[in-house]
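Please walk me through this structure, one part at a time.

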Amino acid sequence: MDLYFSYISSYSQKVLLGLYEKNVAFTPHLVDLTSQEERARFREFYPFGKVPLLVRDDGRMIPESSIILEYIDQTFPQSPRLIPADQEDARQVRLLDRMCDLYLNDPVVSMILESWKPEPQQDSEVMDKAAERVGLMYRFLGDHLSGRDFLAGNQFTMADCAAIPPLYFAKTFADFSSVGQLQDYWDRVSQRPAVIRMWREAEPYVRALMGE
Ligand SMILES: N[C@@H](CCC(=O)N[C@@H](CS)C(=O)NCC(=O)O)C(=O)O
C-alpha cells in the first residue's frame with residue numbers, strides 16, 4: 001500500500017494520524033507541493049492533483065482523506081476504531097469529520113494563503129470571514145467536548161484525526177486557551193504517541209513553510 005502525501009498538507013496529516021494510531025505499515029511517497037514541476041508530474045498520475053492519495057497493492061487508487069481513513073479502518077480493524085461499528089455513532093463521527101474539514105480546515109487554509117500575500121494585497125474581508133468561521137468552530141468544539149475526552153466520546157476516532165491538524169495551524173492565528181474544553185483536549189491529544197510522531201516528522205516541513 002502506497003501513500004502519496006505531503007507533510008505540509010493538513011489533509012495528509014489527518015491520514016498519517018489514522019495510520020500511526022492503528023500502526024498500519026505503508027510505503028511513503030512524499031509529494032513536494034512547493035514545486036510546480038512536481039505538482040504537474042503528480043497530476044499526470046492523479047489528475048485532481050490532491051494529496052493524500054492511497055494506492056492499494058492491486059493498483060486501485062483511493063483518494064480523499066476521509067475515504068482513505070474509512071478504507072484503512074475497514075481493512076485493518078484493530079484498535080482504535082476510527083469509525084465506530086454503531087451506525088448512530090458512526091454518523092456522528094462522519095459529521096464531526098465533515099465539520100472539521102469544511103468549517104475549520106478550509107478557513108484555516110484561506111488564512112494561511114492570505115497571510116502569505118504582501119500586506120497591501122491581503123483581502124481583509126477574506127481574513128475576517130475565515131477568522132469568524134474558525135471562532136465559531138472553536139466555540140462549537142469547546143462546547144461539544146464538555147464531558148468527552150475525544151470529539152466523538154471517550155475513544156479516539158476519525159473526527160480527532162480531522163480536528164488535530166487544522167487546530168495546530170489555527171492556533172498560530174487565534175489562541176484557543178480560553179475556549180471551553182478545547183485547550184484541555186489539545187493538551188490531551190498532544191500526548192498521544194501517534195500525534196507526537198506525526199508532528200516530529202512534519203515539523204521541519206511546516207516550519208519551513210511558515211517561514212520560521
Ligand atoms: N478533500 C480533500 C482535500 C485534499 C487537499 O486539498 N489537498 C491539498 C493539500 S492540503 C492539495 O493536495 N493541494 C494541491 C493542489 O490542489 O494542487 C481530502 O480530504 O483529501
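Helix 4 (residues 87-116) and helix 5 (residues 124-144) cross in a left-handed way. A crossing is called left-handed if the near helix is turned anticlockwise from the far one by less than a right angle, and right-handed if it is turned clockwise. The two helices pack at an angle of about 145°, and their axes are 9 Å apart. Axes here are lines fitted to C-alpha atoms, for helices over the stretch in contact, and angles run from 0 to 180 degrees between N-to-C directions. Helices (H or I, at least four residues) and strands (E, at least two) are DSSP runs, numbered from the N terminus.

This is a predicted model, in which local features need pLDDT of at least 70 and side-chain atom pairs count only at pLDDT 80 or more, while totals for chains, interfaces and linings use all residues. Residues are numbered from 1 along each chain as its sequence is written, and side-chain values use heavy atoms, with hydrogens and water left out.

Residues of helix 4 that meet helix 5 include Leu96, Met99, Tyr103 and Met111, and among their partners in helix 5 are Val126, Val134, Phe140 and Leu141. Contact means heavy atoms within 4.5 Å. By class, this contact of helix 4 with helix 5 has 16 nonpolar, four polar and two charged residues. Ala, Val, Leu, Ile, Met, Phe, Trp, Tyr, Cys and Pro count as nonpolar, Asp, Glu, Lys and Arg as charged, and the others, Gly among them, as polar.

Helix 8 (residues 193-209) packs against helix 1 (residues 10-22) at an angle of about 145°, with the axes 8 Å apart. The crossing of helix 1 and helix 8 is right-handed. On the helix 1 side, the residues are Gln13, Leu16, Leu17, Tyr20 and Glu21, and they meet residues of helix 8 including Val195, Met198, Trp199 and Val206. The contact of helix 1 with helix 8 divides into nine nonpolar, one polar and three charged residues.

Helix 8 also meets helix 6 (residues 158-170): their axes come within 13 Å and cross at roughly 45°. Helix 6 and helix 8 are therefore oblique to each other. Angles under 35 degrees count as roughly parallel, over 145 as roughly antiparallel, 65 to 115 as roughly perpendicular, and the rest as oblique. The crossing of helix 6 with helix 8 is right-handed. Ile164, Pro165, Tyr168 and Phe169 of helix 6 make the contact with Val195, Trp199, Glu203 and Val206 of helix 8.

Four strands form an open sheet in the order 2-1-3-4, with mixed pairing. Two strands pair if DSSP finds at least two bridges between them. Strand 2 (27-30) and strand 4 (61-63) are the edge strands, each pairing on one side only. On average, neighbouring strands of this sheet are turned by 20° against each other, direction ignored. Strand 3 (residues 53-55) and strand 4 run antiparallel and are joined by three bridges. Within this pairing, Val55 stands opposite Met61 of strand 4. Helix 3 (residues 65-75) packs on the sheet and touches strand 3 and strand 4.

What about the aromatic rings? There are 13 aromatic pairs, where rings of Phe, Tyr and Trp (its six-membered ring) pair if their centres lie within 6.5 Å; planes under 30 degrees apart count as stacked, over 60 as edge-to-face and the rest as tilted. Tyr4 and Phe45 form a tilted pair, 4.9 Å centre to centre with 50° between the planes. Tyr4 lies in strand 1 (residues 2-5) and Phe45 in helix 2 (residues 36-45), so the pair ties together parts that are 41 residues apart in sequence.

Some backbone details remain. Most residues other than glycine have a negative phi, and most peptide bonds are trans. A cis peptide bond joins Val51 and Pro52, with omega about 5°. Another cis bond joins Ser79 and Pro80. Asn23, in the loop between helix 1 and strand 2, has a positive phi near 60°.
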